Amino acid sequence: FVRSLAPTSFFPLLAGAADDSQAAALLALLQDPARFGGEFRLPSVSRDDPAFGDNVYWRGRVWPPLNFLVYHGLRRCGFEAEARRLADDGYGLFMGEWAEHRRCPENYNAVTGAACDQPDTDTFYGWGALLPYLGVAETIDVNPWNGWEITHGAGRAHVGPLLTPAGRAVVEVEDGWLTLSVEGRPVLRTNLPGRFRQLRLLPDLIGLVLPTVDGAARWLEFPQVPRRRLRLARLGSRSIEPVPGGDGVRFALPAGAGPTPFVLEL
């Protein structure tokens with residue numbers, strides 16, 4: 001046992017080993033500006049540790065692999081808002097160097113956000129791309145717990161093409177609609193905001209887990225599915241029929257609590 005606290009202290013979230021009280025204690029550490037909070041995160045040792053001021057390698061600097069692992073620990077445990085903030089922090093930190101210098105650094109100063117203030121920091125390093133990856137993961141991701149995910153967030157977005165289980169995919173968000181295209185063809189459209197999990201696109205089956213449906217008029221469309229090919233559609237445990245409108249087949253989504261599985265059998 002050691003007294004120093006590092007981002008590895010959050011790895012019980014990634015392993016699914018922390019109980020509720022332990023997870024709450026870890027979140028408090030994550031947000032404490034005297035520990036792991038602050039503008040540039042995550043320092044490789046807590047800010048109140050004597051080693052932090054050294055600002056050399058693992059003695060205080062920000063390392064993308066640590067952010068990557070902590071982010072996925074937060075996501076696994078359902079701390080979506082905290083994970084989003086960490087992703088935003090990392091993306092902003094990366095873009096500060098990329099936009100001005102076209103550098104993809106090995107690590108960063110946790111106080112100033114600079115990358116090249118130390119002579120032993122590699123200015124272009126493979127895992128430096130993990131920070132902008134977290135920004136991508138907020139829109140489209142594949143992970144061991146939730147499978148293939150896409151997120152309908154606020155504003156506009158265009159992410160891709162990326163390699164996915166179904167092929168080269170692009171996610172676009174515009175005018176309140178999310179469109180997922182695979183190999184240049186739109187395969188899913190929706191105006192329901194939130195994160196869609198466990199996405200499967202198979203020749204005879206399309207499946208996903210919907211986020212909670214609010215009280216607004218929400219639809220789910222499959223533009224490449226002709227109505228004649230529809231064998232069965234299920235929302236949760238009950239059948240659901242398509243409604244007029246849209247391209248391909250469109251379904252009206254009733255308001256409901258909690259994430260709900262949706263399956264389309266062809």
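Tyr-57 lies in the loop between α2 and α3, where helices are DSSP runs of H or I with at least four residues and strands are DSSP runs of E with at least two, numbered from the N terminus. The phi of Tyr-57 is positive, about 45 degrees, although this residue is not a glycine. Tyr-57 is partly exposed, with a relative accessible area of 29%; buried means under 20% relative accessible area, exposed means over 50%, and partly exposed is in between, for a 1.4 Å probe and protein chains only. The model is predicted, with local features requiring pLDDT of at least 70 and side-chain atom pairs counted only at pLDDT 80 or more, while totals for chains, interfaces and linings use all residues. Residues are numbered from 1 along each chain as its sequence is written, and side-chain values use heavy atoms, with hydrogens and water left out.

A positive phi is also found at Arg-102, a residue other than glycine, with a value near 55 degrees. Arg-102 lies in the loop between α4 (80–101) and α5 (130–137). Most residues other than glycine have a negative phi, and most peptide bonds are trans. A cis peptide bond joins Arg-41 and Leu-42, with omega about 0 degrees. Leu-42 belongs to the loop between α2 (20–31) and α3 (64–76). Another cis peptide bond, between Gly-160 and Pro-161, has an omega of about 5 degrees, and Pro-161 lies in strand β3.

Strand β3 is part of an open sheet of six strands in the order β3-β4-β5-β6-β9-β12, with antiparallel pairing; two strands pair if DSSP finds at least two bridges between them. Strands β3 (157–164) and β12 (249–253) stand at the edges with a single partner strand each, so one side of each is left without a neighbour in the sheet. The twist from one strand to the next averages 20 degrees, where axes are lines fitted to C-alpha atoms, for helices over the stretch in contact, and angles run from 0 to 180 degrees between N-to-C directions. Within the sheet, two bridges join β6 (residues 185–190) to β9 (residues 218–222), and these strands run antiparallel. Arg-189 stands opposite Glu-221 in β9.

The whole structure contains zero disulfides, a disulfide being a pair of cysteine sulfur atoms within 2.5 Å. For Cys-116, which is in no disulfide, the nearest cysteine sulfur is that of Cys-104, 11 Å away. Cys-116 counts as partly exposed at 36% relative accessibility. Cys-77 counts as partly exposed at 31% relative accessibility.
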